[in-house]
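Hi everyone, thanks for coming. Please bring up the model on your screens, and I'll walk you through a few places in it.

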Amino acid sequence: MSAIMTVLAIISFGGLLLDHRLLDGMPIWAKPLKFTVSFVTYGLTWAWLLSLLRRTPRWGWWLGTVLAIASVVEMSIIIAQVIRGRRSHFNASTLLDSSLYAVMGFTIAILLITNLAASVLVLRERRADPADTWAIRIGLVISAIGLGVAILMLPPTATQLADAAPTVLGAHGVGVPDGGPGLAVLGWSTTGGDLRVPHFVGMHALQIMPLLALALSWIRDQAVRLRLVLTAGAGYAGLMALVTWQALRGQPLTRPDALTLGVAGALWAGVAAAVLLSLRSPRVSPRSRRTAATGPATPTVPAATTNPPAAGKPATTANTGLSGVRVERATTAQCGPTSPEA
């Protein structure tokens with residue numbers, strides 16, 4: 001899949017250079033270029049994740065094949081619509097356009113279901129390093145949520161519902177129509193909310209979390225590394241929730257209000273504090289260090305005090321009070337010649 005997407009990315013880049021048509025205020029080839037680059041990273045990441053399967057490798061192969069087919073079908077429709085000079089998403093202007101959009105919707109649904117099934121298989125696997133295991137798990141969960149954000153783009157807006165014959169059904173903009181002023185390359189709205197922001201942030205947790213675990217591999221303490229990964233995962237989930245909330249309030253990413261800034265500041269402060277706590281190793285007392293270095297102390301057996309037995313009395317043994325340790329008293333055969341008359 002990634003090889004096909006790489007070829008399509010090259011074609012899209014060439015179209016961006018040679019074809020100067022605009023669609024919704026953006027170069028018409030910008031969308032397929034962004035999608036193909038995203039699918040290249042998506043395909044490479046899933047190829048690696050599915051290679052980790054030890055229990056169900058055959059299921060992994062089939063799910064990977066379905067992911068590849070669905071992705072290629074979606075990209076083929078997007079590029080075909082670009083060649084026609086038409087919108088690919090939300091387009092209901094003609095029977096052909098609405099039919100192609102319906103096929104895209106079906107392939108996206110297949111992609112979501114297959115993604116979830118493959119995620120479940122990978123979640124069951126354990127890596128030797130707990131930090132790696134949890135980085136993959138957190139990335140899979142947040143990525144699935146990011147993919148699910150696309151569902152919020154499907155319902156028609158109030159303006160579209162009021163139109164007797166709408167040509168567009170659905171939107172990624174919140175509070176503003178699609179196609180207005182946006183960020184360079186990405187195209188995210190600078191005048192209103194844009195659901196593509198949380199969609200993008202969530203999806204790419206699939207790459208960012210494992211890469212973070214790799215970047216932390218120089219830390220020898222596994223417990224510290226695991227705490228840092230869990231902290232980063234919590235912070236990433238908080239960021240995902242924040243940009244989703246911001247978009248749904250009709251607020252552009254580049255113009256946050258005081259409330260958004262306050263929540264963002266609290267989130268970053270919490271993450272920074274958690275990182276500092278994660279870096280602290282548990283304290284070890286000097287006595288524990290000595291014990292670890294020399295081993296546990298062995299009990300000493302006190303020397304038994306012995307007295308010579310009286311003449312003619314047999315030797316006896318005395319219990320020292322230590323379990324299983326008995327000391328035989330020293331005996332003296334005779335202190336000197338004895339006789340009944342002595």
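**A short tour of the model**

Let's start at Phe-90, which is found in the loop between α3 and α4. One thing to keep in mind as we go: this is a predicted model. Phi of Phe-90 is near 65°, a positive value in a residue other than glycine. Why point that out? Because most residues other than glycine have a negative phi. Is Phe-90 buried or exposed? With a relative accessible area of 5%, Phe-90 is buried, since buried means under 20%.

Now compare Asp-24, found in the loop between β1 (22-23) and β2 (26-27). Phi of Asp-24 is also positive, near 55°, and again the residue is not glycine. Asp-24 is partly exposed, at 34% relative accessible area.

Next, the inside of the protein. In soluble globular proteins, nonpolar side chains tend to be buried together. Here, the largest nonpolar core has 30 residues. Which of them have the most contacts inside it? They are Tyr-42, Trp-46, Leu-49, Met-75, Val-122 and Leu-140. The elements that give two or more residues to this core are α1 (2-18), α2 (30-51), α3 (57-84), α4 (95-123) and α5 (130-148). Of these, α3 gives the most, with eight residues.

Leaving out residues up to four places away in sequence, Val-122 touches Trp-46, Leu-49, Leu-53, Ile-136 and Leu-140.

On to the aromatic rings. Trp-61 is exposed, with a relative accessible area of 53%, while Trp-62 is partly exposed at 46%.

The other pair is Trp-188 and Phe-200, whose ring centres are 5.4 Å apart. Their planes are at 65°, so this pair is edge-to-face too. Trp-188 lies in the loop between β3 (173-174) and β4 (193-194), and Phe-200 in helix α7 (residues 196-203), so the pair ties together parts that are 12 residues apart in sequence. Trp-188 is buried, at 9% relative accessible area, whereas Phe-200, at 38%, counts as partly exposed.

The charged end of Arg-137 sits over the ring of Trp-134, 5.0 Å from its centre. Likewise, Arg-249 lies over the face of Trp-245, at 4.1 Å from the ring centre.

Last stop: empty space. Rolling a probe the size of a water molecule over the atoms shows where such space is left. The second largest pocket holds about 290 Å³ of space. Which residues that line this pocket are the closest to its centre? Of the 16 lining residues, they are Thr-157, Thr-159, Gln-160, Pro-177 and Asp-178. Helix α6 (residues 158-162) gives the most to this lining, with three residues.

That's my tour, so please ask away!

Key: Residues are numbered from 1 along each chain as its sequence is written. This is a predicted model: local features need pLDDT of at least 70, side-chain atom pairs count only at pLDDT 80 or more; totals for chains, interfaces and linings use all residues. Side-chain values use heavy atoms; hydrogens and water are left out. A nonpolar core is a set of buried Ala, Val, Leu, Ile, Met, Phe, Trp, Tyr and Cys residues joined through side-chain atoms within 4.5 Å. Buried means under 20% relative accessible area, exposed over 50%, partly exposed in between (1.4 Å probe, protein chains only). Helices (H or I, at least four residues) and strands (E, at least two) are DSSP runs, numbered from the N terminus. Contact means heavy atoms within 4.5 Å. Rings of Phe, Tyr and Trp (its six-membered ring) pair if their centres lie within 6.5 Å; planes under 30 degrees apart count as stacked, over 60 as edge-to-face and the rest as tilted. A charge sits over a ring if NZ of Lys or CZ of Arg is within 6 Å of the ring centre and within 35 degrees of the ring normal. On a 1 Å grid over the protein atoms alone, a cavity is a set of points where a 1.4 Å probe fits but cannot get out, and a pocket is an open set with protein on both sides within 12 Å along at least five of seven lines; lining residues have an atom within 4 Å of a point. Grid points are joined across faces, edges and corners, and a volume is the space filled by probe spheres set on the points.
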